[in-house]
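This report describes a single protein chain and the contacts made within it. Please consult the sequence and the coordinates alongside the text.

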Amino acid sequence: LMYQRGHKDMAGDHGRCCTETKMARRLVVGSKKVLAVVRGIEKLVSRYDIKYVNFTKCTKFQRIYHCSPFDDRGEQNGQFYRRIPLGQCLGDRALDGSKTS
């Protein structure tokens with residue numbers, strides 16, 4: 001799913017797999033100088049703009065699973081793989097343990 005990391009960010013996957021999103025809201029305060037007449041004198045004064053901005057926040061990311069074999073102690077050998085929708089595992093090792101490009 002596409003999400004934003006903050007209210008100024010563009011929606012995208014940002015290199016991660018988001019599986020659940022929700023709308024988030026952030027209070028944004030901005031200011032700018034404007035020319036105003038104060039007691040008959042022109043002055044630059046600050047004008048504040050306060051508004052709420054909505055954005056799509058990721059609340060749950062896809063987990064990284066071990067799909068590697070177990071060692072002699074019954075523990076996985078530490079090779080991390082990323083699960084893809086087809087249920088296959090992708091990683092940097094071939095089935096025989098050799099490094100792939």
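The sections below cover the basis of the model, its overall make-up, and then selected residues and contacts.

## Basis of the model

The structure is a predicted model, in which local features need pLDDT of at least 70 and side-chain atom pairs count only at pLDDT 80 or more, whereas totals for chains, interfaces and linings use all residues. Residues are numbered from 1 along each chain as its sequence is written, and side-chain values use heavy atoms, with hydrogens and water left out.

## Overall make-up

The protein has 0 helices and 4 strands, and its pattern along the sequence reads β-β-β-β. Helices (H or I, at least four residues) and strands (E, at least two) are DSSP runs, numbered from the N terminus.

Of the 101 residues in the protein, 11% are buried. Here buried means under 20% relative accessible area, exposed means over 50%, and partly exposed lies in between, with a 1.4 Å probe and protein chains only. The accessible surface comes to about 8,600 Å², and carbon and sulfur atoms account for 52% of that surface. These areas come from the Shrake-Rupley method with a 1.4 Å probe; for residues, only the protein chains shown count as cover. Among contacts between residues at least 6 apart in sequence, 36% join residues at least 24 apart, where contact means heavy atoms within 4.5 Å.

## Cysteines

A search of the whole structure finds 1 disulfide, the term being a pair of cysteine sulfur atoms within 2.5 Å. A disulfide is a covalent bond between the sulfur atoms of two cysteines. The partners are C18 and C58, with their sulfur atoms 2.1 Å apart, and the link is right-handed, with 110° about the S-S bond. Because C18 lies in strand β1 and C58 in strand β2, the pair ties together parts that are 40 residues apart in sequence.

C18 is buried at a relative accessible area of 3%, and C58 also counts as buried, at 10% relative accessibility. C17 counts as partly exposed, at 38% relative accessibility.

## Aromatic rings and charges

The whole structure contains 1 aromatic pair. Rings of Phe, Tyr and Trp (its six-membered ring) pair if their centres lie within 6.5 Å; planes under 30 degrees apart count as stacked, over 60 as edge-to-face and the rest as tilted. The ring centres of Y3 and F61 are 5.5 Å apart and the planes stand at 80°, so this pair is edge-to-face. Y3 belongs to the segment before β1 and F61 to strand β2, so the pair ties together parts 58 residues apart in sequence. Y3 is buried, with a relative accessible area of 4%, whereas F61 is partly exposed, at 26%.

A charge sits over a ring if NZ of Lys or CZ of Arg is within 6 Å of the ring centre and within 35 degrees of the ring normal. In another such arrangement, R25 lies over the face of Y52, at 4.4 Å from the ring centre.

## The segment before β1

M2 lies in the segment before β1 and is exposed, with a relative accessible area of 53%. Apart from its neighbours within four places in sequence, M2 is in contact with A11, G12, D13, T21 and T56. The C-alpha atoms of M2 and E20 are separated by 9.5 Å.

The Q4 side chain reaches the backbone oxygen of D9 at 2.8 Å. Beyond its neighbours within four places, the contacts of Q4 include H14, F55 and K57. D9 is likewise placed before β1, and its side chain makes a polar contact with the side chain of H14 at 3.3 Å. A polar contact is a pair of N or O atoms within 3.5 Å; within protein, one must be able to donate a hydrogen and the other to accept it, and residues adjacent in sequence count only if both atoms are side-chain atoms.

## The loop between β1 and β2

R39 is located in the loop between β1 (18-38) and β2 (41-61). Although R39 is not a glycine, it has a positive phi of about 55°. R39 counts as exposed, at 82% relative accessibility.
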